[in-house]
Amino acid sequence: MSLAIASTDLRRTFLHLQGLSGAPGRKIDTDGCRALVQDLGFVQVDSINTVARAHHQILFSRNQTYRPGQLTRLLEVRRDLFENWTHDASCIPVEFFPLWRHRFARERERMKARWTNWHGHDFKAELDRVLARIRDHGPAGTRDFDRDGPRKEPGWWNWHPGKAALEYLWRTGEIAVTRRENFAKIYDLAERVIPPGHFEREIPHDAFVDTVCDAAVQRLGVATSGEIAAFLDLVTPAEAANWCATNAGGRLREVTVESAGGRRAAFARADIEACLRDTPDPPKRLRVLSPFDPVLRDRKRAERLFDFRYRIEVFVPAPKRVYGYYVFPLLEGERIVGRIDMACKRADGTLAVKALWPERGVRFVRGRQDRLEAELQRMARFTGMETVAFEDGWMRDPAG
């Protein structure tokens, strides 16, 4: 008989598996930061910096002793992490690099004809030119190519040839990000960035599928085959479905998840009952989450688990936005209690709160308001701001 799991129980375990049940004030060093990324599986990278960039905020929301220099050291000095693509650009444990070889092969096949059509039949010559430049003269970035080319309209299909070549070579594993300068990627040959033991290792296809799917279900706790495939976005939905159908050699259980939207069949780690039983309560404090936080990345799953509907509005024209350009979810304990629009005014050292929308049924009474202000003070210190300021009319009617 299939085990029935309440969505409220699952979300507590999911938060725990995603690093949000630990004591957020415990001191971590660079090794602790590495362990945190390992537990998450990846940390998404994003350039938007209204408050803090996504990769830094994701880690800070889990541990408020984290400092950005720790992630930089792991990527650029120790090489414990590397940058490449999951569903988006991400920082990934370097032990996973052999898994990405399978993605590189698929990307190479998928992108070759398409990119040649976009950038012309001499695209192969451009790839050779860029690769030779890096091989012979060392790390380079977009600024080292196309300096004299004509400006084009925005859009990846309109990238200059050198930038397009760099992106293609990165996405297909020929080059890797060796460092960032003012957030711009600087590339070198992958064999000079990835430690030899990981660069040279190869994993057969069946072991690749097994490792990727198992990594996903261990970090999700309970998931459909589609959610398992989407977690690292390395295997196809069909490969994940086949893996689940075999019960992964006894490492899966068939379960049903019960929520307000009804029952949903899924698969769980074999030890899911112990996970549910032993999940600690998350901290009571209120925390600001990145819009790209891994617990929210799968928007449909987040809506089922947290009854929280979230859409980022960065690309929505301002007059059509419901909330704002870059609005942050607010997690309190195991509930998402609101969303906040705020930004760092770096010229005057102020973290400015523009608006806050409570979720329906949530009131910002004195205790919750105190927890909000304490979290905003932590965010201000993390981002180097001196004060927190609330703009007139900042408290809005409930979301939805």
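**Questions on a predicted model**

Student: Does Asp128 count as buried, partly exposed or exposed, and what is the reason?

Tutor: Happy to start there, keeping in mind that this is a predicted model. Asp128 has a relative accessibility of 39%. Buried would need under 20% and exposed over 50%, so Asp128 counts as partly exposed.

Student: Which side chain joins that of Asp128 in a polar contact of 3.0 Å?

Tutor: Look within helix 6, residues 123–137, where Asp128 lies. The contact of 3.0 Å runs from the side chain of Asp128 to that of Lys124.

Student: What separates the C-alpha atoms of Asp128 and Asp370?

Tutor: Along the chain, Asp128 and Asp370 are 242 residues apart.

Student: Is His102 buried or exposed?

Tutor: You will find His102 in helix 5, residues 97–119. Leaving out residues up to four places away in sequence, His102 touches Ile203, Pro204, His205 and Phe208. Its relative accessibility is 17%, and the cut-off for buried is under 20%, so His102 counts as buried.

Student: Why do the buried residues of helix 12 line one face?

Tutor: The buried residues in helix 12, residues 237–245, are Glu239, Ala240, Trp243 and Cys244. Viewed down the helix axis, they fall within one arc, so they line one face. The arc for helix 12 is 135°.

Student: In the open sheet of five strands, which are the edge strands?

Tutor: The order is 11-12-13-14-15, with mixed pairing. On average, neighbouring strands are turned by 35° against each other, direction ignored. An edge strand pairs on one side only, and that holds for strand 11 (286–288) and strand 15 (387–390).

Student: What is the bridge partner of Val288 in strand 12?

Tutor: Strand 11 and strand 12, residues 327–332, pair in the antiparallel sense over three bridges. The partner of Val288 in strand 12 is Leu330.

Student: Which helix packs on this sheet?

Tutor: This helix touches strand 11, strand 12, strand 13, strand 14 and strand 15. Its direction makes about 40° with that of strand 11. Covering residues 366–383, it is helix 15.

Note on methods. Residues numbered from 1 in each chain as written. Predicted model: local features only at pLDDT ≥ 70, side-chain atom pairs only at ≥ 80, totals over all residues. Heavy atoms only, no water. Buried < 20%, exposed > 50% of the residue type's maximum accessible area, 1.4 Å probe, protein only. Helix = DSSP H or I, 4+ residues; strand = E, 2+ residues; numbered from the N terminus. Arc of directions from axis to C-beta. Polar contact = N/O pair within 3.5 Å; in protein donor to acceptor, adjacent residues only side chain to side chain. Contact = heavy atoms within 4.5 Å. Pairing = 2+ DSSP bridges. Axes fitted to C-alpha atoms, helices over the stretch in contact; angles between N-to-C directions.
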